[in-house]
2 protein chains.
Amino acid sequence: MFGHEFRDKYFTLLEDGVLSVNHGSYGHTPTPVFDKYVQYIRNEYAYPDRYMLREQLPEYTEALQLISDKYLHCDYHNVALVENATTGVNTVLRSLKFNKGDRIVMASTVYGSCYNTVRFLAKRIGIVPVVVDLPYPLEDEEVVARFAKELPGSKLALFDAITLMPGVRVPFEKLTKLCKKHGVISLIDGAHSIGLIELDLGTLAPDFYVTNLHKWLYVPRGCAALYVNPQYHGEIQTMPISHSYIDEDVEPIVDDSLISKFHFIGTVNFASIASIKDAIEFREKTCGGEDAIAQYCQDLSFKSAKLAIAKWPFAQLLTNRHNSVIPPSMVNLIIPFKDLVSHYQLATLLDFNNKEALDKAHDAIDIMLMDDYKSRAPFLFHNGEVWMRFSCQIYNELSDYDYVTNAFGHCLKKYFGVTPTLKL
Amino acid sequence: MFGHEFRDKYFTLLEDGVLSVNHGSYGHTPTPVFDKYVQYIRNEYAYPDRYMLREQLPEYTEALQLISDKYLHCDYHNVALVENATTGVNTVLRSLKFNKGDRIVMASTVYGSCYNTVRFLAKRIGIVPVVVDLPYPLEDEEVVARFAKELPGSKLALFDAITLMPGVRVPFEKLTKLCKKHGVISLIDGAHSIGLIELDLGTLAPDFYVTNLHKWLYVPRGCAALYVNPQYHGEIQTMPISHSYIDEDVEPIVDDSLISKFHFIGTVNFASIASIKDAIEFREKTCGGEDAIAQYCQDLSFKSAKLAIAKWPFAQLLTNRHNSVIPPSMVNLIIPFKDLVSHYQLATLLDFNNKEALDKAHDAIDIMLMDDYKSRAPFLFHNGEVWMRFSCQIYNELSDYDYVTNAFGHCLKKYFGVTPTLKL
């Protein structure tokens, strides 16, 4: 049912010849959802006064209810919609009252944008950034133990549900519990999570959790959900601060305060929010539900890794004892570069101590994959290795990973040259 | 050339029967520009990797150049694109380094969202908000004199180019010069300005200026330009803070720093930015240029006020000695409520000391205009008067203002009832 036939029917926005194995970066939207999206934009323009005054709040509230009931499993009064995960994390970090010397704990795998926000707070307010080094592969217990060392006495901990690159699952449930134990505010960057892993925020009850809806849930860009624990409905403010500002010392915080604050904070394109229901309907009716999607993608992700390892026997799947770091629908390969040199008889070596040379090679090959092969698999050069991430989605088939691994080999040969007689 | 025939040809997104005299609130986009907008969204979805890596930055830079050359008249390196004026003002206020006790001077007519951002800073940092009362109608000299009293010793002054309601032009050029004289940072909320009044930011050289492109320039929502004086390219940060963060103590600030910082700060809908060139082309080629637009709209705005005053002889145009408060394309009427009572023989009086009753009446009549007459003219009850704003655009004709003034009369009679025999 899924695969290329499905793609040619429902993911027709993709240009002919584009073979995406990179759903994780920006997501792709099914055409029936996109068509509705354009219709919603047209509706906003048909009578803007009516849309803004009559329709926007009910549309927003309906979307909150849907994702809260079906995916986040929490009271929709605790959810706000923002543009993307970066905005969500910034919304929290720029709202809370920090004092000079407050410690903010993060993993070394933290998303760059969020790290920069912390750097800014360090500069402006004097908070103290504390980085927990996570040299993957790691067991979950090690991740937890490394955080446990730094949490006591800290103000806030920022950690991922699934990190970006490599794409690994983090034991965020255990870390949330540890935060509660130590009285540390938990802020979870779940950019990759809704539509990918099961969430139960009502039970977990972190302080803050943000997840992009435009990645794995197929909602048009950019749309994200921000969970805010009820105890912070007063302290949290929108970004930008707007008409809807509430000073909790002046006005009471009630059930609807978060909705009042966040539903309209400026003139933007609201159509992604309206499209949430259509993305969910597409998943249920056209795809056959969450389990069908998850099963296909997870199955394909293991097969894609197997295929790559059959081609590059020296490559390894990034995993741990119980495979707990592998998120459904994404896999990471670790490929020693010296073995690639030998395998493809590359003429030029790469100096892993020369950051400039590494960046240059990375960018050239990245662009070559994108332009010449129309199939971009995110990769990085790291510690003498290539780390490569595959995203697996319902429009992918196993042959896609055959194609992209071959393409990567071609790019290496083009960039580094080939010495037919050289054997390392 | 302009008027209803033009509307029926180029503003076909408007629903049949909607008669807009409220361009100022959200703007309307011509259909040819909107069609391009949808095409740009499709292009983003055709191959997101390529769009984000190859196309987004050139598209952004081209848009900067166009509006800087043609409208802002300043070096495009000093301009950033943000979502709307609220975001622009927040970007500035949340980037600058304030200390406890710093005074921020604002007019009493400040946009509510911006005032709230200042309130937040007062709470978090302890800045001191200073409000300059502007009881319109006022001569420009009075506005300047009132600011002059408060500027010395202040850190920043926030003032409008054209205020929202009433829609009056502010002598922002003179205020900017006064700020320079007193060493006060000037932050100009020009939400209503590009496409409406001529700007020369290169010569004026304020510290910060923001203007919505989606209002009077016909660009799809939400898109705004933020001018940043070169001396602040280091201190200004994006909102949210993102990948592109630059710590000026670590990295040098160069010509392109503002572009590097602002062009991509998260996954959003970028298509408004791509549409800027089409909005400008529409204005030049289809409308015959800025002068043609300005002349039609300004002429219509005076005629619309005249028409209303012919109907309500007790009404007054909000103006001053040289008509310097009247922005092209918007007019404000001041209508004593007791005269409306007499004119329409209203049965119920309105207690202007009862805020709850005022709000209730306002909202009911506002909704009635919008729902029953499909023509919403923003108004407010103020000091025993009705203040009403007309926006005049190239799709409007004089009969639109006849329609909306009649509609307003009908709404008053419906809401307050009629006493045929009562004469006040």
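Through which surface do the copies, chain B and chain A, meet? In this predicted model, local features need pLDDT of at least 70, side-chain atom pairs count only at pLDDT 80 or more, and totals for chains, interfaces and linings use all residues. Residues are numbered from 1 along each chain as its sequence is written, chains are lettered from A and ligands numbered from 1 in the order in which they are written, and side-chain values use heavy atoms, with hydrogens and water left out.

**Figure 1. The interface of chain B and chain A.** Of the interface residues of chain B, 100% are also interface residues in chain A, so the copies meet through the same surface. The contact, defined by heavy atoms within 4.5 Å, brings together 70 residues of chain B and 70 residues of chain A. About 6,700 Å² is buried between the two chains, 53% of it from carbon and sulfur atoms; buried area is the accessible area (1.4 Å probe) that two parts lose on being put together, summed over both.

**Figure 2. The relation of the two copies.** Chain B is superposed on chain A by a rotation of 180° with 0.0 Å of shift along its axis, at an RMSD of 0.0 Å. The two copies are thus related as by a two-fold rotation axis. The superposition is by least squares on the C-alpha atoms of residues with pLDDT of at least 70 in both.

**Figure 3. A salt bridge between A:D249 and B:K123.** The side chains of these residues meet at 2.4 Å, N to O, under a rule that asks for a side-chain nitrogen of Lys or Arg within 4 Å of a carboxyl oxygen of Asp or Glu. Across the interface of chain B and chain A, the rule finds twelve salt bridges.

**Figure 4. Two cis peptide bonds in chain A.** The bond from A:Y136 to A:P137 is cis, with omega near 0°, and A:P137 lies in the loop between β3 (128–132) and α7 (140–150) of chain A. Helices (H or I, at least four residues) and strands (E, at least two) are DSSP runs, numbered from the N terminus. A cis bond also joins A:M239 and A:P240, with omega about 0°, and A:P240 is found in the loop between β7 (224–228) and α10 (257–262) of chain A.

**Figure 5. The backbone at A:N323.** Phi of A:N323 is near 55°, a positive value in a residue other than glycine. A:N323 is placed in the loop between β8 (316–317) and β9 (330–336) of chain A.
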